[in-house]
Amino acid sequence: MVDRSRTENLRMGALDPATPSSSSSSYSYSKAANTDIRSPSSTASPLPPSVSRLWRPAAQRNLRNQWSKLAALRQQWNSASSSGRSHATSLVNAYLSEKYMPSMELGVLSDMPDIRKKASWKFFRQQELHRSKVLSSYKDLVDVVTQMARLSKSMRCYLKASSSTPLVQFSGCSEDMNDPGDGGGIPVFAFRSISCFEKLAEELVQMFIFELNLKRLLVLELLSLSCESSMVKRFNWSDELYAGEFNDLSVCNLYSGEASEPVKPRLLVSKSDVPTARHTQQLNHETMQVYLTTWLAEVNIDSQRVDEIFSEIREEMHVNIS
């Protein structure tokens, strides 16, 4: 059961109206509807009572849609993250095979002409393939988080002004500066107001934003493997890893226009920045194993807390989202 006193305390802090999403859907209900929805809160709504009764089902539908999408994006993140680590592992293995080929004992194969040269070239080509796939997985992760960030700002439901229809319409886009889109802070389902749902979404998305930024640092290192070869570019933190990356990162507040580079990665728990200075020496096997383990661990995402958030949402909405 939801702790009513805890929920009431959460509802006391109001957030600023969220930035509306241009792709939000509109919801229409007849003005003749007069369903009496009783609220456990005495908070007054800025909407007329007849409109306020219609606002709640529209807001409920919007929240269900947004949280269902967030749950789906969480699964997409897991898939892209798993794929990225798999490609990163293959990239590291190919790099190490090429690196140690000159000193490997080949046995009877050592008498074959240019065997080391041909094997090294094959391992290098494998690195090119897996480097491309690592970058593709990273782009997928960026896409997931940018969608999450937009959804977290699309929780509100605004009255849609219309003089040409007898229907009361609602939308995710604000058309009236006096309409905060939160129904005056009244509970949308049983206990939580719009601002409470926004706070939970913000907490959830912030974990993935921090983890995305840390993964960018790992991708930067992985893409720069074999940089001793002139055919491989060594990336710096301020470099754009793919066309349009900085625009995507701006959606998540991960790009600093003042510094003209992505914000420094940090750990969510300690709030401490992770150094991005590059080392001139080649990465050894142990260091690369740490990178792969860090990718797998996803240290900025508290999986238990993520499950708790979705469990709370399921209990409040009475819908099956995962």
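Modeller: In this predicted model, a residue is called buried if its relative accessible area is under 20%, exposed if that area is over 50%, and partly exposed in between. By that rule Tyr138 is buried, and Tyr242 is buried as well.

Colleague: What makes the rings of Tyr138 and Tyr242 an edge-to-face pair?

Modeller: Two cut-offs are needed, since rings pair if their centres lie within 6.5 Å, and planes over 60 degrees apart count as edge-to-face. The centres of the Tyr138 and Tyr242 rings are 6.2 Å apart and their planes stand at 65°, so the pair is edge-to-face. It is among the six aromatic pairs that the structure holds.

Colleague: Which parts of the chain does the pair of Tyr138 and Tyr242 link?

Modeller: Distant parts: Tyr138 belongs to helix α3 (residues 115-152), whereas Tyr242 is in the loop between α4 (194-223) and α5 (245-251), and the two are 104 residues apart.

Colleague: How do you know that the charged end of Lys139 sits over the ring of Tyr242?

Modeller: The distance part of the rule asks for NZ of Lys or CZ of Arg within 6 Å of the ring centre, and the charged end of Lys139 is 5.1 Å from the centre of the Tyr242 ring, over which it sits. Likewise, the charged end of Arg216 sits over the ring of Trp237, 4.6 Å from its centre.

Colleague: What makes you say that the buried residues of α6 line one face of the helix?

Modeller: In α6, Met288, Tyr291, Leu292 and Trp295 are buried. Seen down the axis of α6, these buried residues fall within an arc of 90°, so they line one face of the helix. The face turned away from that buried side carries the exposed residues Glu286 and Leu296.

Colleague: How do the buried residues of α7 fall when seen down its axis?

Modeller: The buried residues of α7 are Arg305, Val306, Ile309, Phe310, Glu312, Ile313, Glu316 and Met317. Seen down the axis, they fall within an arc of 155°, so they too line one face of the helix. Helix α7 (residues 303-317) has 15 residues and reaches 21 Å from its first C-alpha to its last, close to the 21 Å expected. After α7 comes His318, whose phi is positive, near 60°.

Colleague: Which residues have the most contacts inside the largest nonpolar core?

Modeller: Leu63, Trp67, Leu70, Tyr138 and Leu212 have the most contacts inside this core of 70 residues. The elements that give two or more residues to it are α2 (49-100), α3, α4, α5, α6 (285-297) and α7, and α4 provides the largest share, 18 residues.

How values were computed:
Residues are numbered from 1 along each chain as its sequence is written. This is a predicted model: local features need pLDDT of at least 70, side-chain atom pairs count only at pLDDT 80 or more; totals for chains, interfaces and linings use all residues. Side-chain values use heavy atoms; hydrogens and water are left out. Rings of Phe, Tyr and Trp (its six-membered ring) pair if their centres lie within 6.5 Å; planes under 30 degrees apart count as stacked, over 60 as edge-to-face and the rest as tilted. Helices (H or I, at least four residues) and strands (E, at least two) are DSSP runs, numbered from the N terminus. Buried means under 20% relative accessible area, exposed over 50%, partly exposed in between (1.4 Å probe, protein chains only). A charge sits over a ring if NZ of Lys or CZ of Arg is within 6 Å of the ring centre and within 35 degrees of the ring normal. The expected span of a helix is 1.5 Å times one less than its number of residues. The arc is that of the directions from the helix axis to the C-beta atoms. A nonpolar core is a set of buried Ala, Val, Leu, Ile, Met, Phe, Trp, Tyr and Cys residues joined through side-chain atoms within 4.5 Å.
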